[in-house]
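Me: Hi! I'm new to this one, could you walk me through it?
Reply: Happy to, let's have a look together.

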Amino acid sequence: MLTAMLAIGTLAALFGLLLGFSAIRFKVEGDPIVDQVDSLLPQTQCGQCGYAGCRPYAEAIASGEADINQCPPGGEAGIQALSELLGVDPMPLNAEYGKHTEKQVAVIDEQVCIGCTLCIQACPVDAILGAAKQMHTVIESECTGCDLCLPPCPVDCIEMVPLKKSISRWKWPYPQDTERPVTETTE
Amino acid sequence: MEFPTQSSPYLPLNNNLSRLMTQVMLGLIPGTLILLWFFGWGILFNLLIGSATALLAEAAMLRLRSQPVMPTLYDGSALLTGLLLGLSLPPLAPWWIPVVGALFAIVIAKQLYGGLGYNPFNPAMVGFVVLIISFPLQMTLWPPPQGIDAQTLGLADTLRLVFTEALPAGATLDSVTMATPLDMAKTRIGLNFTWSEILTDPRYGSFAGRGWEWINVGFLFGGLWLWQKRAIHWQIPAGMLGALFLVSLLFYIADADSFGSPVFHLFSGATMLGAFFIATDPVSAATTHRGRLYYGAGIGILTYIIRTWGGYPEGIAFAVLLMNMAAPTIDYLTPPRAFGHRDQKEG
Amino acid sequence: MVTLLEQPRRIPGGLHLDANKAQSLQQPLRACSIPEQLYIPLSQHIGEAAEPLLEVGDEVLKGQLVARSPVYISAPIHASSSGKIVAIGDYPVPHPSGMQATCIVIATDGKDQPVDTGLKMDTVFDADPAEIRQRVRDAGIVGLGGAGFPASVKLNPGPEREIELLVINAAECEPYISCDEALMCHRPQDIIDGVRIMRHALNARQVVIGVENNMPQAIESLQRCLEELSEDAIRITPVPVIYPAGGEKQLIYALTGEEVPSQGLPLDLGIVCHNVGTAAAIARALLQGEPLISRVVTVTGEGVRQPANLEVRIGTPVAELIEECGGYTDEVARLLMGGPMMGFSLASDAVPAIKTTNCILAASYRETPQATAASACIRCGDCVDVCPAGLLPQQLYWYARARNFDNIQDYNLFDCIECGCCAQVCPSHIPLVQYYRFAKTEIWSLDSERQFSDMARQRHEFRIERLEQEKIALEERRARARKALKPKVGDATAKQAEIAAALQRVKAKKEAQSAGPRNTGNLTEEQQAKIAEVDRRRASTSGQP
């Protein structure tokens, strides 16, 4: 009886020490799960999820504070990727936070722009060029389509336009299994 | 001018599922005819009842699952399952034996997993195993083969026995049935008979069980024809027969008194039917070239183990199901070397 | 070290298909007439699209440069005939998407007046390889076998690399296509000249022309030409007839037994492979001064009345080619560009023939039946047997279908050459190739999205850091400013002294103002006069309201 208790007690102590040691020895700096979640987010920095940007949302997901379905730009594919990473069930996009749309880019009507720099300050990725009292323009290849430049513009000269369809961006459609599928020309 | 578009390739396709299944059924003919000759009308009833039940069950399940019925029935896979099951059942088994087996095969083993292409286990063998576990008595109702001086039943008597379980006057179940050579060998080995003593029994023929040896030759012949027609690949039969041959040879050399000869094992029971028609069911088998060899070899070895030391005289059904479970792993472990990956490690 | 095999090897996998080449080879190779309008797409090759140099309304001559290549992996475009540019805009182009792309439209004048392109080299076999490459590039020559990779890039192995073997691909393995065979039968001289130029440019040790051994006439024609030139260092090797023996990697394997590494180039083995048509185009450019403005196109199938091989100007609408071959038959059901295995279907015959168009197949339903419904994969493995890339097509299908783009790459999706053998033998009639194409384009798109989002993240993080630094800098500036204003705490006398000093300064200033400018003591007369005048003017203006 005593031997058994001693044995169990020793074992428990040993494992406790081992755990404690590992906790110190193998301590992980930072929170890699946040990085992993962040890397799956589209980085539009649009804030539609209710957080200040993609990283804050990633932190919220990692801490369990936010659901994985609050990112409209990421769409279903993004939710799928997050659900795989985190081992949770995929869920449909929460419509409260917006709808998934085709990728768009901001375009400034350069005739109307008064050069107020408000949009430049709003742009999360520095994709708008210009200076005070100078006309501004959007670097199309850098624009994430976050819409954040729209509200500050005092003259409403910014418009979101869908990316132009082109052969280089064309993708083969998913086959329709009922027959050897027809390649859809557009849309 | 405007034209319809679709993805390449565009040439006429000269292969299809129903052609493939038809070929397999044609390959079954020689063995089946010999089986009929040796074991009588009961085989025919099993085939008819088994395939009819399979087709009906498939149709009903497809309807339930809101899938197109006719095109899928037309592919012949349900019919083939029914036929293979029918071929493995004892001829004098009551009518509900093939019914229950085929229902299980189609409804549970095939359709509930998603139908053709999605079943992890060979449906016919699932049906067979369910029957042999649940109804061991009915599954031994093999009549003596043609050529043995014993009471044989005609068409009318067989019909009556199968459908009403009524025996002709003066006959008992024991008088119209007879243990199969594999079954008897197993019992007698258990009673410390030697193989040479066992083989003196009239139910053993020139190189294996009387009748059975020629049935196996028939299925071997049909199987080789299938291989020649490219309906099946050589790896699974070769792996299975090769392994069975080697293992039995090993034990036979070690102790010829207690273990059957390799030839006996190759031409007994359902060996050839299993090697060419059952183990080769592509859906539940391994698909890589090397994997198929291992898969076949596994079936061969397991068959030998079950026949020699297991609780049942014949082990092919269990061996096939066990290897079905291993098939995805075998595939995963045996990827082919892709072109241009010469220096890279496989994996 | 690459050695040519005595006996060419059979490639792994592959299919024996009916050649169906005789139809189009019955008539000799002839030139297609000049169409009224040429639609010349700016992107006919792998790489960036060319940039137009001319404007609508400009007159052009045959062979004139109309669009230049902006980057290394690109090719310039030339006018295929003389005339006037009537439009530059989006028109249907041959592409599986059926989409439109920018084309230069030339209304031809029928005169076909050539321009001096300056491509011709008098001493090509003594020329600097760099000069040859430049001219091949200026001639807009791309691989004519199908992919359309700029030929000059493939003539540039780099200074380090020794070229052991130049392989000329004449193994036209796909059914119906016979343009290379026609070229070999009718223009062997161009081909051999081109091969010699390439050999010189690459300084290749060995040269072999790989031909399928069901083209005896083509082999004989080339052989005769070699004999006439007493050229014995170019070997012609017939390879076993099997589809797809004409794939670059497959042909190299058949000839040398070497496998081009996955994701690698033949160059990694010291081999360069060019299409036989490319060789002829190089000869025409460098010896006759004609850029790539035409090519041989096979027009065939039961859907066209007189199948033939035509020398076609780049930009000629497909409808014109059909017209040239007697028009459609009643049986025409489908229009393909390329062969029936790797080609793609055209929605309309308004699209032009481009540099990579080797074949127009107007097929009947007998030749290319309508697609039937696919059934489930039964894992029969027939596709594994025929896959020339040694892949497991059924696994690829499984993952493509499930949109599992990670696992599909573990099964080497990108080694797939889309030859179509798997789909051709599939008893379940699954459109396997389309599944692979779907997966490939999805993966590319996801990769570029990932790159874009990584860039956006960097820019966002940089911005946050910048704002942070600006804030810190602002804080510091403010702090410094406050510090400058702040008196030393606890030093009352100093404070009082400072105040006193300040008062002193103010007082002095006031004094100075009332006393007038102090620096007027030692002025010149001229300066004093100016001051007086300014004072007078001030007085007069201040007098006004």
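Me: How is chain C divided?
Reply: This is a predicted model. In it, chain C splits into domain 1, covering 22-360, and domain 2, covering 376-478.

Me: And what separates the centres of those two domains of chain C?
Reply: Taken over C-alpha atoms, the centres of domain 1 and domain 2 of chain C are 31 Å apart. Their contact involves seven residues from domain 1 of chain C and eight residues from domain 2 of chain C. On the domain 1 side there are three nonpolar and four polar residues, with no charged ones.

Me: Let's switch to the sheet. In what order do the four strands of the open sheet in chain C come?
Reply: The order is 11-10-9-12, and the pairing is parallel. Strand 11 (234-239) and strand 12 (271-275) of chain C sit at the edges, each pairing on one side only.

Me: How many bridges join strand 9 to strand 12 of chain C?
Reply: Five bridges link strand 9 (residues 165-170) with strand 12 of chain C. In one pairing, C:Asn169 has C:Asn275 in strand 12 as its bridge partner.

Me: Which strands does helix 8 of chain C lie across?
Reply: Helix 8 (residues 276-288) of chain C lies across strand 9, strand 10 and strand 12, at about 80° to strand 12 of chain C.

Me: Nice. Which residues touch the most other members of the largest nonpolar core?
Reply: Those are C:Ile282 and C:Leu321, in a core of 245 residues. Beyond its neighbours within four places in sequence, C:Ile282 is in contact with residues including C:Val136, C:Ala151 and C:Met198.

Conventions. Residues numbered from 1 in each chain as written. Chains lettered and ligands numbered in written order. Predicted model: local features only at pLDDT ≥ 70, side-chain atom pairs only at ≥ 80, totals over all residues. Domains from an automatic or database assignment. Contact = placed C-beta atoms within 7 Å. Nonpolar A, V, L, I, M, F, W, Y, C, P; charged D, E, K, R; others polar. Core = buried A, V, L, I, M, F, W, Y, C linked by C-beta atoms within 7 Å. Buried ≥ 20, exposed ≤ 12 C-beta atoms within 10 Å, placed from the backbone. Pairing = 2+ DSSP bridges. Helix = DSSP H or I, 4+ residues; strand = E, 2+ residues; numbered from the N terminus. Axes fitted to C-alpha atoms, helices over the stretch in contact; angles between N-to-C directions.
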